[in-house]
Amino acid sequence: MKFITEMELRDLYQKEPFTTYSLESSIKITPGARQFLVDRGIKLVQHQEAQSNDGISVRRNKGMGDQGLKSCCIQRLRSMMDTLESLFLLVAAELMSGDAMLAEEVIELEKCFRNVKNAELQGFPPDPIKFWDWSEEEIKNCADNLVKLLEINEFHSRLANGKTVTLLNYLRTSLSELEPAILEAYWLEEQEVCSRQDLIETVGVIINILCIMMWKCLGGQKCKP
């Protein structure tokens, strides 16, 4: 099952604004993507599943059982998490020569992500994140409006600290790809919910922290918790 994310909709909307978004029955939309459409007054059109002659819905991907598909999704998710953990360390290493303090913050953020990774692997909730002595709620309140202001493009790459901003943005956008992967791995079809929403929410806090870091690098006013 494929999920459309807010990041994908945002990219499409930037290229060409639209007033209606058509969604196939085999594809679902993440809560963040749905809110993106609501905020812009975009109508969501959901296509119905194809019907067989006797009126029974036709299911796709019959070649693999539900359990086999679920196992593949979980393995893909864990591979993504391994890659992202390495990306945190790579970004920190790149930043170390220019901004050692920021590099240390990225390393601390990698430890937060490692906690999410271990929580998924062992099946327990991730520990609450406390960063800069701020709570998760304080971080969210500060970052809520920053995403709309952080449309990074070629202009930012030419700034004096353009490399720093683009590295942090690369890490942020890479983390955004985790939400659909978690949904695919832990989606409960009958209840229409994700059983590991806690992972999505904690990854969201890490993304918010990266947004605040980028905002500071771009000279934005200091956030208040």
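Let's start at Arg76, which counts as partly exposed at 40% relative accessibility (partly exposed lies between buried, under 20% relative accessible area, and exposed, over 50%, with a 1.4 Å probe and protein chains only). This is a predicted model, where local features need pLDDT of at least 70 and side-chain atom pairs count only at pLDDT 80 or more, while totals for chains, interfaces and linings use all residues. Residues are numbered from 1 along each chain as its sequence is written, and side-chain values use heavy atoms, leaving out hydrogens and water.

The side chain of Arg76 meets that of Glu184 in a salt bridge, 2.3 Å from N to O (a side-chain nitrogen of Lys or Arg within 4 Å of a carboxyl oxygen of Asp or Glu). That ties together distant parts of the chain, with Arg76 in helix 3 and Glu184 in helix 8, 108 residues apart (helices are DSSP runs of H or I, at least four residues, numbered from the N terminus). Glu184 is buried, at 17% relative accessible area.

Helix 3 has another such link: Arg78 and Glu120 form a salt bridge at 2.9 Å, N to O, and Glu120 sits in helix 4, 42 residues away from Arg78. Here Arg78 is partly exposed at 25%, whereas Glu120 is buried at 2%.

Now for the greasy part. The largest nonpolar core has 53 residues, and Leu168, Leu175, Leu178 and Ile206 have the most contacts inside it (such a core is a set of buried Ala, Val, Leu, Ile, Met, Phe, Trp, Tyr and Cys residues joined through side-chain atoms within 4.5 Å). Helix 9 gives the most to this core, with 13 residues.

Definitions and conventions. Helix = DSSP H or I, 4+ residues; strand = E, 2+ residues; numbered from the N terminus.
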